[in-house]
Amino acid sequence: MNIALDLGQHLVYVLFEGFKLVDFGVLNLPGAATKAKTLMGRRYEVMRRLLEGHTLQVCYYEMTDWHMPALPRESRIAQLIREKKNRVVQRSLGRLEMAVEAACFELGVRAVAVKVSDAKQAVAGVKNAPKARVARAVRELFPDLPAAATQDALDAVRVAVWAMSQADPQLRVRVLERK
């Protein structure tokens with residue numbers, strides 16, 4: 001069995017075997033350090049508990065590529081604020097990626113980082129597809145997904161579809177034929 005993760009404020013996971021989604025869920029990550037543990041340590045523990053609860057071969061997760069784009073005629077102050085927010089978010093997501101990698105290493109699970117654009121290409125056939133198009137494509141591939149599945153859950157499924165398409169070249173052709 002494999003797992004696909006969407007990293008963010010809430011960690012969404014999808015367990016899958018072959019082309020079958022087995023389970024998915026949401027973990028609320030700790031948002032603050034305690035006297036006994038750092039934030040990184042607490043997030044690592046949550047990640048490790050999730051991974052060791054299943055017999056996994058590979059853990060797929062989206063690579064950090066989040067950024068706020070520049071606005072037209074942006075002032076220098078606004079530019080500096082935007083760049084600072086970009087660095088803060090990138091650092092935070094990077095730490096979460098480190099927690100995933102560390103937990104995987106310790107448990108002997110192979111960790112694979114997936115670019116957002118590659119996952120979109122696998123599902124929608126276009127690397128820069130808008131979220132609505134990707135969501136529609138995911139729902140077409142998995143019509144049994146609950147209607148209440150959040151965008152984060154659909155993102156995790158998108159990562160799983162990328163992993164499935166890498167393992168099965170015929171699946172890649174079938175997905176692209178549906179577009």
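Is Ser 165 buried or exposed? At 3% relative accessibility, Ser 165 counts as buried (under 20% relative accessible area, with a 1.4 Å probe and protein chains only). This is a predicted model, in which local features need pLDDT of at least 70 and side-chain atom pairs count only at pLDDT 80 or more, while totals for chains, interfaces and linings use all residues. Residues are numbered from 1 along each chain as its sequence is written, and side-chain values use heavy atoms, leaving out hydrogens and water.

Let us stay with Ser 165 for a moment. Ser 165 sits in helix 5, a helix being a DSSP run (H or I) of at least four residues, numbered from the N terminus. The Ser 165 side chain reaches the backbone oxygen of Trp 162 at 2.7 Å.

Now look across to the partner helix. Helix 3 (residues 116-124) and helix 5 (residues 151-167) have axes that come within 8 Å and cross at roughly 75°; these axes are lines fitted to C-alpha atoms over the stretch in contact, with angles from 0 to 180 degrees between N-to-C directions. The two helices are therefore roughly perpendicular to each other, a term for angles of 65 to 115 degrees. From helix 3, Val 116, Asp 118, Ala 119, Lys 120, Ala 122 and Val 123 meet Arg 158, Val 159, Val 161, Trp 162 and Ser 165 of helix 5, with contact meaning heavy atoms within 4.5 Å.

Finally, follow helix 3 to its end. Gly 125 comes after helix 3 and has a positive phi, near 85°.

How values were computed:
Parallel < 35°, antiparallel > 145°, perpendicular 65-115°, else oblique. Buried < 20%, exposed > 50% of the residue type's maximum accessible area, 1.4 Å probe, protein only. Polar contact = N/O pair within 3.5 Å; in protein donor to acceptor, adjacent residues only side chain to side chain.
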